[in-house]
Amino acid sequence: MKLRVLMVTHNRHDYTKLSLQRLCETVPADARITVWDNASSQEMIEVLKAFEDRPQIERIIYNKTNEKLWGPTNWFWENTKDAEFLSKVDDDGLMPEKWVETLTQAHHDIPQAGILGTWRFMDEDFYPDLAIRKIQSFGAHQLMRSCWVEGSGYIMKRSVVDKIGPLTPGESFTAYGIRAAAADYINGWYYPFLYQEHMDDPRAAHSAMKTEADFHRLKPLSATTFNIATREQWIALNKDLARRVQASSFNPRDYLGWRARGKRALYRLLGRSYMPRT
């Protein structure tokens, strides 16, 4: 097995120190990690330099501009063609024990598996009445089927990139997963869930967002994108996202083609977001 893992970092030195340490501890000896830093501060650079001699670290790229996620991801996929499996772990995620062994074994045992993920939501965000309709057994493994998984803490077969190509300009990892599902790959979260602690969730044990002031000081980019103004609104959004992914359809035809485009347009006119349900 050849696993290559990407971590993209940007000015989150406290979280990165924890997440990169945990990543080094939880990948097998033959896995290798690439860190791509997006023009961070010197304080962040010093954190990364302390990891340069770790045997798990293949390279650290100190990029001079902020390329966000699209450019580093495609560069990484292009430059890891010897890998059987590809992964990305965010600088705010703490990976669980044996996540690599569990997901790669599932990939070996489920030939059609494409992108399998760890779960970032809290226990209180699990809705059995919704999830049970999407949980399927594949031999010794169970998956909560989905067209997409989170862009952190997944493992993807290299064959997915070989078959459907890289991310297209502006394409999200969610949209990429839908494309993979449309190419007959099985995607989803391993079940029982492998919990990846998402430190940007204020409820997480290692989150630094303990107060309202903390939230405004550390406000995530996605909170700004969704016009989130308070810590409680951010928690509510995370809970709502969990519910939506458990309720969503895992049939890619519900997201692609002229019917889906028409429904999205209609929902936009109604001021609502379109999410096909199982």
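Where in the chain is Ala39 found? Ala39 is found in the loop between β2 (32–38) and α2 (42–49), where helices (H or I, at least four residues) and strands (E, at least two) are DSSP runs numbered from the N terminus. The model is predicted, so local features need pLDDT of at least 70 and side-chain atom pairs count only at pLDDT 80 or more, whereas totals for chains, interfaces and linings use all residues. Residues are numbered from 1 along each chain as its sequence is written, and side-chain values use heavy atoms, with hydrogens and water left out.

**Backbone geometry**

- Most residues other than glycine have a negative phi, and most peptide bonds are trans.
- Ala39 is not a glycine and yet has a positive phi of about 55°; its relative accessibility of 31% makes it partly exposed, given that buried means under 20% relative accessible area, exposed means over 50% and partly exposed lies in between (1.4 Å probe, protein chains only).
- Asn11, in the loop between β1 (3–9) and α1 (13–26), has a positive phi near 55°, and with 37% relative accessibility Asn11 counts as partly exposed.
- Asp184, which comes just after α7, takes a positive phi of about 80°.
- The peptide bond that runs from Tyr191 to Pro192 is cis, with omega near 0°, and Pro192 is found in the loop between β10 and β11.

**Aromatic pairs**

- Rings of Phe, Tyr and Trp (its six-membered ring) are taken to pair if their centres lie within 6.5 Å, with planes under 30 degrees apart counted as stacked, over 60 as edge-to-face and the rest as tilted; by this rule the count comes to eleven aromatic pairs.
- One of these pairs is formed by Trp77 and Tyr176, and it is tilted, at 5.1 Å centre to centre and with 40° between the planes.
- That pair links distant parts of the chain, since Trp77 belongs to helix α3 (residues 70–78) and Tyr176 to helix α7 (residues 173–182), 99 residues apart; Trp77 and Tyr176 are both buried.
- The pair of Trp119 and Phe193 is stacked, because the ring centres are 4.2 Å apart and the planes lie at 10°.
- Trp119 lies in the loop between β6 (113–117) and α5 (128–131) and Phe193 in the loop between β10 (186–191) and β11 (197–198), so this pair ties together parts that are 74 residues apart in sequence.
- Trp119 counts as buried because its relative accessibility is 3%, whereas Phe193, with a relative accessible area of 21%, is partly exposed.
- Ring pairs also link Trp119, Phe121, Phe126, Trp189, Tyr191 and Phe193 into a cluster.

**Charges over rings**

- A charge sits over a ring if NZ of Lys or CZ of Arg is within 6 Å of the ring centre and within 35 degrees of the ring normal.
- Lys49 lies over the face of Tyr62, at 4.9 Å from the ring centre, and Arg243 lies over the face of Tyr127, at 3.9 Å from the ring centre.

- A pocket is an open set of points on a 1 Å grid over the protein atoms alone where a 1.4 Å probe fits, with protein on both sides within 12 Å along at least five of seven lines, and lining residues have an atom within 4 Å of a point.
- The second largest pocket has a volume of about 190 Å³, a volume being the space filled by probe spheres set on the points, with grid points joined across faces, edges and corners.
- The second largest pocket is lined by 14 residues, of which Ala181, Ala182, Asp184, Phe250 and Pro252 lie nearest its centre, and the elements that give two or more residues to this lining are α7 and β10.
- The lining of the second largest pocket divides into seven nonpolar, four polar and three charged residues, where Ala, Val, Leu, Ile, Met, Phe, Trp, Tyr, Cys and Pro count as nonpolar, Asp, Glu, Lys and Arg as charged, and the others, Gly among them, as polar.

**Two arginines in loops**

- Arg120 lies in the loop between β6 and α5 and is buried, with a relative accessible area of 16%.
- Leaving aside neighbours within four places in sequence, Arg120 is in contact (heavy atoms within 4.5 Å) with Glu150, Tyr195, Gln196, His198, Asn238 and Leu241.
- Arg203 lies in the loop between β11 and α8 (212–217), and, with neighbours within four places in sequence left aside, Arg203 is in contact with Met122, Glu124, Asp125, Ile235, Asn238 and Lys239.
- Arg203 and Met122 are 81 residues apart in sequence and 8.0 Å apart in space, C-alpha to C-alpha.
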